[in-house]
Amino acid sequence: NVGVHFETWNAGILGPVTLSGLNDGWRDLSWQNWSYAVGLKGEAMGLHSLSGSVSVEWAQESLVAEKQPLTWYKTIFNAPGGSAPLALDMDSMSKGQVWINGQSLGRYWPAYKASGTCNSCNYTGTFNENKCLSNCGEASQRWYHIPRSWLYPTGNLLVVLEEWGGEPNGISLVKREIDSVCSDIFEWQPTLMNWQMQASGKVTKPLRPKVHLWCSPGQQISSIRFASFGTPEGTCGSFRQGSCHAFHSYDVFERTCLGLNSCSVTVAPEIFGGDPCPNVMKKLSVEAVCS
């Protein structure tokens, strides 16, 4: 729908078009002169704005349409307390645009699902685009960040233009709260800073990478849920020890990180009391609890 003389393109409603329900039956409109207008009437009326939203009458409660294309919805909500990041969960909708207090939050399209086959992840061998796929069959995006600076303590206006048809009662406001933070890094894993320092000649030997843990502002690291330097397995939230494990792994993080908002630990055998399995590529996996 871009370009000039769009009305001459062989696209859109091609006919036949009839008008029924007239006293004399129906009328064929296929051969009438047709024109088109850019945009929607709701946009021209500014239904997404604070002033425009009160210029029309909105259906309420059981009269609110669901799964109906090209439908406008609005609601009023209060801002949750605190400073944690907020997002709008639009997974129950299909495709459209959303506004908060007249500010465009952007377009959403949860109806577009990620395709493919998700199997166990293994990057060994030649890389191709089908390796290590995740979230197959799920929406490409469902959460949309809401800047807290846009919100009032009470009476915030949420307006949604749904294009395909969705269920507005499923829209929810979610708060992002961090319960724990993780890191999973191999020894000798290169970093941009290390590479730049070595390339500049400022250092003459390879630099060890570091694990960096950060909790949200106002939180601190209260405990270490898991720590292992060796050959740990699993992912964040489900780490487990492998056949090789440095027994001082927990001690290092408890001594360095507890009570702090953030901390860093170098990934090196001497930090953890020696090499637990020489001639084996090791990594460090850690999960810290924030509270």
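1. Burial is used throughout in this sense: a residue is buried under 20% relative accessible area, exposed over 50%, and partly exposed in between (1.4 Å probe, protein chains only). The model is predicted, so that local features need pLDDT of at least 70 and side-chain atom pairs count only at pLDDT 80 or more, while totals for chains, interfaces and linings use all residues. Residues are numbered from 1 along each chain as its sequence is written, and side-chain values use heavy atoms, with hydrogens and water left out.

2. Domains. The domain assignment of the protein gives domain 1 as 42-175 and domain 2 as 180-290; such bounds come from an automatic or database domain assignment. The C-alpha centres of domain 1 and domain 2 are 37 Å apart.

3. Aromatic pairs. The structure holds six aromatic pairs. Rings of Phe, Tyr and Trp (its six-membered ring) pair if their centres lie within 6.5 Å; planes under 30 degrees apart count as stacked, over 60 as edge-to-face and the rest as tilted. The pair of W72 and W99 is stacked, because the ring centres lie 5.7 Å apart and the planes meet at 20°. W72 belongs to strand β3 (residues 71-77) and W99 to strand β5 (residues 96-100), so the pair ties together parts that are 27 residues apart in sequence. W72 and W99 are both buried. Helices (H or I, at least four residues) and strands (E, at least two) are DSSP runs, numbered from the N terminus.

4. A further stacked pair. For F229 and F272 the ring centres are 5.0 Å apart and the planes stand at 15°, so this pair is stacked. F229 lies in strand β12 (residues 221-230), whereas F272 lies in the loop between β13 (262-266) and β14 (283-290), so the pair ties together parts that are 43 residues apart in sequence. Both F229 and F272 are buried.

5. Where does W109 lie? The residue is placed in the loop between β6 and β7, and its relative accessibility of 36% makes it partly exposed. Ring pairs join W109, Y112 and W164 into a cluster. Beyond its neighbours within four places in sequence, W109 is in contact (heavy atoms within 4.5 Å) with S94, K95, S140, Y144 and W164. K95 also lies over the face of W109, at 4.3 Å from the ring centre. A charge sits over a ring if NZ of Lys or CZ of Arg is within 6 Å of the ring centre and within 35 degrees of the ring normal. Elsewhere, R208 lies over the face of W188, at 3.7 Å from the ring centre. W109 and G230 are 121 residues apart in sequence and 42 Å apart in space, C-alpha to C-alpha.

6. Disulfides. How many disulfides does the structure hold? There are six, a disulfide being a pair of cysteine sulfur atoms within 2.5 Å. With the bonded cysteines of the protein numbered in sequence order, the pairing reads 1-4, 2-3, 5-7, 6-12, 8-11, 9-10.

7. C118 and C136. These cysteines are joined by a disulfide with an S to S distance of 2.0 Å. The torsion about the S-S bond of C118 and C136 is about 95°, so the link is right-handed. C118 and C136 lie in the loop between β6 (103-108) and β7 (143-146), so the pair ties together parts that are 18 residues apart in sequence. C118 is partly exposed at a relative accessible area of 33%, and C136 is partly exposed at 24%.

8. C215 and C290. The sulfur atoms of this disulfide are 2.0 Å apart, and the link is left-handed, with -80° about the S-S bond. C215 is in the loop between β11 (210-214) and β12, and C290 is in strand β14, so placed that the pair links distant parts of the chain, 75 residues apart. C215 and C290 are both buried.

9. C244 and C277. A disulfide joins C244 to C277, S to S 2.0 Å; the torsion about the S-S bond is about -85°, so the disulfide is left-handed. Both C244 and C277 are buried.

10. Strand β12. Seven of the 10 residues of β12 are buried, so the strand is largely enclosed by the rest of the structure. β12 and β14 run antiparallel and are joined by eight bridges; two strands pair if DSSP finds at least two bridges between them. I224 stands opposite A288 in β14.
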